[in-house]
Structures are given as structure tokens and as C-alpha cells.
Amino acid sequence: MKGIICTKYGPPEVLQLNEVEKPIPKNNEVLIKIHETAVTASDCVIRGFKMPGNPSFPKKQVMELMMRLFIGFSKPRNPIIGLVFSGVVESVGKDIKQFKEGDQVYGFTGNSRGAYAEYKCVSAKEAAQGELVIKPNNISHKEAAAVVYGGALAMHFMKDMDIQRSGQKVLIYGASGAIGTTAVQLAKYFGAEVTAICSSSNFELVRSLGADKVIDYTKEDSINQLELYDFILDAVGKSKSSTLKIQCKKALRNGKYVSVDDKLLKIQSHYLPKLNELIEAGHVKAVIDRNYSLAEIVEAHKYVDTGHKKGNVVITV
């Protein structure tokens, strides 16, 4: 089968299209024919070995050491990276009960990664942990691969958003990215008044997702547009900063300020089933910026590395 090999940590050019061995499912695994994957921020962190935050901060140095121990020192221990996928179950092990051949599924590859390939095995344990679910009928494989990463992370970081009445105010910094576009939709679903921070070129997009107010982070007077908020989500992380972001931390009423770099994502078993409900009901939709082929993976990573993608970048396998 075809797969993308990450030969070492570095720029997008370390990714190479190769022929690799097709996996054979064990008794407790399903074999998935991957139709679509996506280039996530996490994929780029692994490929480039670039941890977010200030390089001089001791915590970052400790995190880098832990990452090398966990993933690999000079290159990923599993050379095929890729975190998300959507596809069809091709075969199932004899101990698998919850899936059957032909099921359309989507989800995460978990700690094993491996979505940048034509096939991937997922274990019953990984499925039980919420990393594999049946794809909703009202979205395509392309949309499923696009929505799963931002959808799960937005749920994870917004789970402490305590919206007790309609009209409470939520601020989302980085509202046009993979996490931000879903976060806007989730906040509206919960009844919040949403202010989205992004560039003016993305105003139309975030308004279409439900944002009530928009602030352009590039404008000098953007700070003056801040109000007091009940919940603030930094959806771009601590590797990017601005005077506006610093001031955002002072714009809380009595709620919480959460950054996507505050803690590692731990997929909960209810995240994807809940995301399915929201998708099927029309409350959450995928946002796709660009679509590349598997052979164009280097160009896709270069584009994501610019930090200016809108929503998600999808890879057709």
C-alpha cells in the first residue's frame, strides 16, 4: 500500500511517499480503508518536533524530553504519522462485535498514529476509548476527516464553559482555525453570545458559523473592542501572542480563560458520539480550506505551517 514516511524530524520535505506493508488485523482489530485524512496542527508538531511556548521556559524543555521518549528521539518511532481519518471497514477480527465490513467510520489513530496511508488497523480498546465511531450519513468522508480534530479538541477545552443562561458572553481567539471554527459553533449551540477574533478576511466565515461580533487582531484599536466575557478560549495556543491576546486575559468577568496548550488532549469516549449528534442535527459543520492528494503531502504541510489556514486542510488518500 502507499503511505507517507516521516524519515526524521524537520521541515515538510522530510515526508516521503513510499510503498509500505499493508497491516493485517488481529482478532481484536478492524482494518480500515482510509479515504480521507487531514493535516492537523499536531501532525506538524510531530513532524517538525516543535513544541509550543517560549524556548527558554523549563517546562517546555521537559515536555520536549518526554515527547522524544514517547514518540522517538531522532524520528517518529512509527514513521507513518497522521492523527485523523475517515474511511470504510474492510475486514474485522473475530473478536470484534461493534463493527462490520462495509461500515463507514471516522476517528483518531490515537498514540499509534498512521493515518497517512491507505490502510490502518484500530483495536477494540481504541474504539472503546472513543477513537472510532460510525460516520454520520449527512456528511462525506472529506467532511468527517475535517471536523473530527477541531470538534474533539473544542469539546475538550470548552467542557468547563459554564453557560447557565442564554446571552452569556464567550470570546474565541483564533476563531477561523480548525478548533476555533468548531468552538464558535459549539458556543452558539450552548446559547452564548460569541465574539470571534481573527483577521478581517475571515469575518464572513466566522459570521456564517454563528459569531455575533468580530474583532480583527491586526488592527491597533482592537483592544478597545473588548468587553467582559464569561469564558475565553485561546484556540491558537501559546506559540502565538499579541498585545490583544495579553489584554484578553484581563477581559474575564468571573469565568475561565483556557488555552489549547494548557493540557494534552485526552479523547473521552463520549466526544465523538456527541459530535455525531451535533452534526446530524445541523449544529456543527466541517470547514475545509484546501484539499490535497496524498502525493502532495509536502505542499499541504507547507501551507499549514504558514499558520493562516481557514478551518482544515484535507488529504485524499
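Contact is taken here to mean heavy atoms within 4.5 Å. The structure is a predicted model, in which local features need pLDDT of at least 70 and side-chain atom pairs count only at pLDDT 80 or more, whereas totals for chains, interfaces and linings use all residues. Residues are numbered from 1 along each chain as its sequence is written, and side-chain values use heavy atoms, with hydrogens and water left out.

With neighbours within four places in sequence left aside, K285 is in contact with V147, Q185, S208 and L209. K285 is found in the loop between helix 8 (271–280) and strand 13 (288–293); helices (H or I, at least four residues) and strands (E, at least two) are DSSP runs, numbered from the N terminus. K285 has a relative accessibility of 46% and counts as partly exposed, the class between buried (under 20% relative accessible area) and exposed (over 50%), computed with a 1.4 Å probe on protein chains only. The C-alpha atoms of K285 and F157 are separated by 18 Å, and the two residues are 128 residues apart along the chain.

An open sheet of five strands has the order 10-9-8-11-12, with parallel pairing; two strands pair if DSSP finds at least two bridges between them. Its edge strands, strand 10 and strand 12 (252–259), each pair on one side only. On average, neighbouring strands of this sheet are turned by 15° against each other, direction ignored; axes are lines fitted to C-alpha atoms, for helices over the stretch in contact, and angles run from 0 to 180 degrees between N-to-C directions. Strand 9 (residues 193–198) pairs with strand 10 in the parallel sense over four bridges, and A196 stands opposite V214 in strand 10. Helix 5 (residues 178–189) lies across strand 8 (169–173), strand 9 and strand 11 (229–234), and runs at about 175° to strand 8.

D216 lies in strand 10 (residues 213–216). D216 is buried yet has no salt bridge, and the nearest side chain of opposite charge, K219, is 4.3 Å away. For charge, Lys and Arg count as positive and Asp and Glu as negative, while His and the chain ends are not counted; a salt bridge is a side-chain nitrogen of Lys or Arg within 4 Å of a carboxyl oxygen of Asp or Glu. The side chain of D216 makes a polar contact with the side chain of T218 at 2.7 Å, and also reaches the backbone nitrogen of S200 at 3.3 Å. A polar contact is a pair of N or O atoms within 3.5 Å; within protein, one must be able to donate a hydrogen and the other to accept it, and residues adjacent in sequence count only if both atoms are side-chain atoms. Apart from neighbours within four places in sequence, the residues in contact with D216 are C198, S199, S200, F203 and S222.

A search of the whole structure finds 16 salt bridges. One of them joins E13 and K302, with the closest N and O atoms 3.1 Å apart. E13 lies in the loop between strand 1 (2–6) and strand 2 (15–19) and K302 in helix 9 (residues 297–305), so this pair ties together parts that are 289 residues apart in sequence. E13 is partly exposed at 44% relative accessibility, as is K302 at 34%.

K213 forms a salt bridge with E193, the closest N and O atoms being 3.4 Å apart. This pair links distant parts of the chain, with K213 in strand 10 and E193 in strand 9, 20 residues apart. K213 is partly exposed at a relative accessible area of 32%, and E193 is partly exposed at 23%. The side chains of R253 and D230 meet in a salt bridge of 3.2 Å, N to O. R253 lies in strand 12 and D230 in strand 11, so the pair ties together parts that are 23 residues apart in sequence. R253 is partly exposed at 37% relative accessibility, whereas D230 is buried at 14%. Salt bridges that share partners join K169, E193, K213 and E227 into one network.

Strand 14 (residues 312–316) is mostly covered, with four of its five residues buried. Strand 14 pairs with strand 3 (residues 29–38) in the antiparallel sense over three bridges, and T37 stands opposite I315. The pairing of strand 13 with strand 14 is parallel and spans five bridges; N291 has V314 in strand 14 as its bridge partner.
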